Amino acid sequence: MNDRKGPGFRSGPAFEREPARRVFAAELRETRHQFRDGEDEKSPTYVLIPTGVRCNRIFIAGTLTEKERRGDQNAYYQARIADPTGLFYLMAGSYQPEAMQQIAKIEPPAFVAAVAKPGVFESQSGALRVSLRAESVIVVEKDVRDLWVLDTARATLQRVDDLGKSPDSKKAQEIYAPDPAVYRRMAYDALAQMKI
Amino acid sequence: MDLSEVTERISRKMESRGITPDRKKIESKLHRLVDEFGVHVSEAERTVMNELAREHSLTGMGTRSTELREIKDLVVGEWVTLQGKIVALTTAPSPAIAQTGVIADPSGAIRFVVWARANLPVMEAGKWYRLESAVVDEFRGVPKLNVHGGTTLTPVESDTPLIPSVVPVKDLAPGVASVRVKVVQEWEVSHERMLQSGLVGDETGTVKFIVWKEEGKEKLVPGTVYHLYYALVDEFNGRLSLNLSPATCIPDEGDIAVASGQTFRGVLIHVAPGSGLVKRCPVEGCNRVLSRQNYCPVHEIQKEFRYDLRIKGVLDDGTVTKNVLIQRELVEAMAGITLDDAQALAESNPLGMDEVFLRIRDAVQGRYYAMTGNEIDGRILVRQCSHIAFEPMELAGLLNRAGGEAQ
């Protein structure tokens, strides 16, 4: 709304929270490009997903199927969340105390809604993997999962329609050369698993 | 004497003509004229501008342009000649200023300032004047016409009818504007010089208004539709407000269905600290939330607080996020807990108010909602909130969209 030129005495644009993107597990699994927007130490980092949107945060709703507590001194939780296309591997350590406590209380299997920060790291075998640091994990009703599948399918189809229309999307085309048919199929298969 | 503003103005004019100005040189020339030769700043500005214009063979800059211009087409940094009617005079904020007000022609209106040292004849409201070589500039984002020592001011006879063009509230921008609106709310005045403040709106949106105490000013009647001609549109912290002191307010027939705010759909992605059970300051008209130690930022320690429920959160549709503030009745319905229950829970539980926060958060965070309300200070004050339900029709539509093109 505010595209008016602000008066000079204001100190730049107001802080804007990063939106939580909706991405299927199968698309996130293909992600391997990470970048920082700006030189500053506090500049946000993003992963660029194949359909061409930068993600600093993602929102997922699915079934928490397994959780595991690891480490002694620096205990952390790992959780697997299933969506219709695959699995999200979520992590919550001592820097995510809220999410850690929430996961500790959850009895799998359960429908959960989670907010997480994605990052790309290199595994021991040298492959690039996406990690998810959980911000919050909350037990929800089944209809939240259903709405999320619709929401994520809609967002995926929109990104496919918008391929090449933004600088980020163009960059994603160079890096991943995404085939629109693959992602339409992904959305279709996810939707088709739901019972009308 | 600080001449950096004048230097900047000249430099910007040069830049607008594609020339890279030497700011140091411009400033030193100005200083020489003003400090050593005692030239008026406005005259020094004109001299330097003319000199530069000659140097770069530019035309139409700084020279006295006598071509009449329309107010709506004025651009910041220009020297202009125009003819208009003084539609309002406002109280000058400083002795350095002789007159301030609004001048209008058939195309639009602009605020003006007449500097005291310009020694110009006093203009009268309702009369027409021709202003030669006035300067358009900007103060805190508001375009303004500077009437200075170099301006020639001549009264003219004119009976051109002025019909201000009315703009929708959503298109308001800092400056001067005329609107047709309904008074939807009247607020408590926050200042002794203030006569009235509140909210006016049309089909496209709402905006705050202020009327200052001045002779002959009357309050607007809530629920009534008005034509507000030549109101001053101010911006503060990114929010607009209408100053009606100089405006002409004419009641109008009919009614307006005022926009009741936007509806935003998304996930309640975050429930912020400060949500849940809160204590409010009991002092009349205060209502601020107290700290854990029952401390009000204005009225200090308050033992007789009132409990309240609220949610401060973030609604996120995957592309845009909106801060939302949700009041008690809606929180009770969303979280399935009444204020009394919450109070009892806080008093009987070792975690106290934190327990209420967790309970509410776990009931609402991560869920899909449609929320309606007005956005004030970057936060939507939610008036309606409903769960979004799963629509099989939507699934069918998306299946078509995904499958129709893939196969």
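**Chain B and its interface with chain A**

With a relative accessibility of 38%, B:R17 counts as partly exposed, since this class lies between the limits of under 20% for buried and over 50% for exposed residues. The model in which this residue is described is a predicted one. B:R17 is located in the loop between α1 (4-16) and α2 (23-36) of chain B. Its C-alpha atom is separated by 8.4 Å from that of B:L58, although the two residues are 41 residues apart along the chain.

Chain B as a whole contains seven helices and 20 strands. Of its 407 residues, buried residues make up 46%. Among contacts in chain B between residues at least 6 apart in sequence, 57% join residues at least 24 apart. The average pLDDT of chain B is 87, and 97% of the residues score at least 70. For the complex, the predictor gives an ipTM of 0.90 and a pTM of 0.62.

The contact between the two chains takes 40 residues from chain B and 42 residues from chain A. The size of an interface is often expressed as the accessible area lost when the parts come together. Between chain B and chain A, the buried area is about 3,600 Å², and carbon and sulfur atoms give 59% of it. B:Y368, B:F390 and B:R401 supply 18% of the area that chain B buries against chain A, more than any other three residues.

Twelve residue pairs are found in polar contact between chain B and chain A, both residues of each pair being at pLDDT 80 or more. On the side of chain B that touches chain A, the elements giving two or more residues are β13 (262-271), β17 (306-316), α6 (353-364) and α7 (392-406) of chain B. Of these, α7(B) gives the most, with ten residues. By class, this side of chain B has 18 nonpolar, ten polar and twelve charged residues.

Five salt bridges are counted between chain B and chain A. In one of them, A:E141 pairs with B:R367, the closest N and O atoms being 2.8 Å apart. In another, the side chains of A:E98 and B:R361 meet at 3.0 Å, N to O. The latter pair crosses between chains, from helix α2 (residues 97-105) of chain A, which holds A:E98, to helix α6 of chain B, which holds B:R361. A:E98 counts as partly exposed at 37% relative accessibility, whereas B:R361 is buried, with a relative accessible area of 5%. Residues of both chains also take part in a network of salt bridges that links A:R22, A:D151, A:R154, B:D316 and B:E394.

Over all chains, the whole structure has 40 salt bridges. One within chain A joins A:D37 and A:R54, with the closest N and O atoms 3.3 Å apart. A:D37 lies in the loop between β1 (33-36) and β2 (45-48) of chain A, and A:R54 in strand β3 (residues 54-55) of chain A, 17 residues apart. A:D37, at 39% relative accessibility, counts as partly exposed, as does A:R54 at 23%.

Definitions and conventions: Residues are numbered from 1 along each chain as its sequence is written. Chains are lettered from A and ligands numbered from 1 in the order in which they are written. Side-chain values use heavy atoms; hydrogens and water are left out. Contact means heavy atoms within 4.5 Å. Buried area is the accessible area (1.4 Å probe) that two parts lose on being put together, summed over both. A salt bridge is a side-chain nitrogen of Lys or Arg within 4 Å of a carboxyl oxygen of Asp or Glu. A polar contact is a pair of N or O atoms within 3.5 Å; within protein, one must be able to donate a hydrogen and the other to accept it, and residues adjacent in sequence count only if both atoms are side-chain atoms. Helices (H or I, at least four residues) and strands (E, at least two) are DSSP runs, numbered from the N terminus. Ala, Val, Leu, Ile, Met, Phe, Trp, Tyr, Cys and Pro count as nonpolar, Asp, Glu, Lys and Arg as charged, and the others, Gly among them, as polar. pLDDT is the predictor's confidence in each residue, from 0 to 100. Buried means under 20% relative accessible area, exposed over 50%, partly exposed in between (1.4 Å probe, protein chains only).
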